[in-house]
Amino acid sequence: MWQVAVCGPGECTSQEAEAARAVGRLLAEHGAVVLCGGYGGVMAAAAAGAREAGGVAVGVLSGRDRSGASPDLTVALPTGLGEARNALIVRAADAVVVVGGSWGTLSELALAQRGGTPVITLGGWRVLDAGGRPVPGPVAAADPAEAVRLALAAAGRAGPLSP
């Protein structure tokens, strides 16, 4: 079973929420576990999409308890690690889908890239080198269906982290 992280801002646009919900739903329909930060915005939308499709959504929470966690999570894991929990989210994932962008989302993108976890972007951050060229690594998707297709293909190449 693949685990795919859906990362994005806790405060997002309606378009980002709609895209994240579709990504969560499509991942669940393909049997993937959805990992996220567990709170609002993109995280809550991805969890809601996964739940609607009968899937599993795991929230890796920054706080020491479950307060503020999305009600659509199947599992809420309080860590007390603050933003350091972003490393746990992307390291537990076979692939990462980034929807939109915030500073926390950028940290997840960077940590995933540094750790060798494939990253698919859907809007949001574009990381450029000093010459203004896209850095190798993150793969841009045009829509939620393409993001999920690319993430599952990348996860398949990487091999699942959990049986």
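Biologist: What share of the chain's residues count as buried?
Modeller: Of the 163 residues, 44% count as buried. Keep in mind that this is a predicted model.

Biologist: Okay, and how many helices and strands are there?
Modeller: The chain has 5 helices and 7 strands. Starting at the N terminus, they run in the order β-α-β-α-β-β-α-β-α-β-β-α.

Biologist: What box do the C-alpha atoms fill?
Modeller: Roughly 45 × 30 × 30 Å, taken along the principal axes. As for contacts between residues at least 6 apart in sequence, 57% of them join residues at least 24 apart.

Biologist: Let's go inside. Which residues have the most contacts in the largest nonpolar core?
Modeller: Those are Val6, Leu27, Val97 and Val99, in a core of 33 residues. Among the elements that give two or more residues to this core are strand S1 (3-7), H1, H2, strand S5 (95-99) and helix H5 (144-158). Another core, of 14 residues, lies apart from it, and its members include Leu35, Val98, Ala112 and Val119.

Biologist: Back to Val99. What is it in contact with, if I skip neighbours within four places in sequence?
Modeller: Val99 then contacts Val6, Cys7, Gly8, Pro9, Glu16, Ala19, Ala20, Val42 and Leu122.

Biologist: New topic: at what angle do H1 and H2 pack?
Modeller: Helix H1 (residues 14-29) and helix H2 (residues 41-52) pack at about 35 degrees, and their axes are 6 Å apart. The crossing of H1 past H2 is right-handed.

Biologist: Which residues meet there?
Modeller: From H1 you have Glu16, Ala17, Ala20, Arg21, Gly24, Arg25 and Ala28, and they meet Val42, Ala45, Ala46, Ala48, Gly49, Ala50 and Glu52 of H2. By type, the residues of this contact split into 8 nonpolar, 2 polar and 4 charged.

Biologist: What about Glu18, buried or exposed?
Modeller: Glu18 lies in helix H1. Its relative accessible area is 62%, so Glu18 is exposed, the cut-off being over 50%. From Glu18 to Ala45 the C-alpha distance is 7.2 Å, with the two residues 27 apart in sequence.

Biologist: And where is Thr79?
Modeller: Thr79 sits in the loop between strand S4 (75-78) and helix H3 (85-91). Thr79 counts as partly exposed because its relative accessibility is 28%.

Biologist: What does Thr79 touch, leaving out residues up to four places away in sequence?
Modeller: Thr79 touches Val60, Leu61, Ser62, Gly63, Arg85 and Leu88. The C-alpha atoms of Thr79 and Asp65 are separated by 7.7 Å, and these residues are 14 apart along the chain.

Biologist: Last one, I promise. Where is Pro136?
Modeller: Look in the loop between S6 and strand S7 (139-140) for Pro136. Pro136 is exposed, at a relative accessible area of 75%.

Biologist: How far apart are the C-alpha atoms of Pro136 and Gln113?
Modeller: They are separated by 9.6 Å, for residues that are 23 apart along the chain.

Terms used
Residues are numbered from 1 along each chain as its sequence is written. This is a predicted model: local features need pLDDT of at least 70, side-chain atom pairs count only at pLDDT 80 or more; totals for chains, interfaces and linings use all residues. Side-chain values use heavy atoms; hydrogens and water are left out. Axes are lines fitted to C-alpha atoms, for helices over the stretch in contact, and angles run from 0 to 180 degrees between N-to-C directions. Helices (H or I, at least four residues) and strands (E, at least two) are DSSP runs, numbered from the N terminus. A crossing is left-handed if the near helix is turned anticlockwise from the far one by less than a right angle, and right-handed if clockwise. Contact means heavy atoms within 4.5 Å. Ala, Val, Leu, Ile, Met, Phe, Trp, Tyr, Cys and Pro count as nonpolar, Asp, Glu, Lys and Arg as charged, and the others, Gly among them, as polar. A nonpolar core is a set of buried Ala, Val, Leu, Ile, Met, Phe, Trp, Tyr and Cys residues joined through side-chain atoms within 4.5 Å. Buried means under 20% relative accessible area, exposed over 50%, partly exposed in between (1.4 Å probe, protein chains only).
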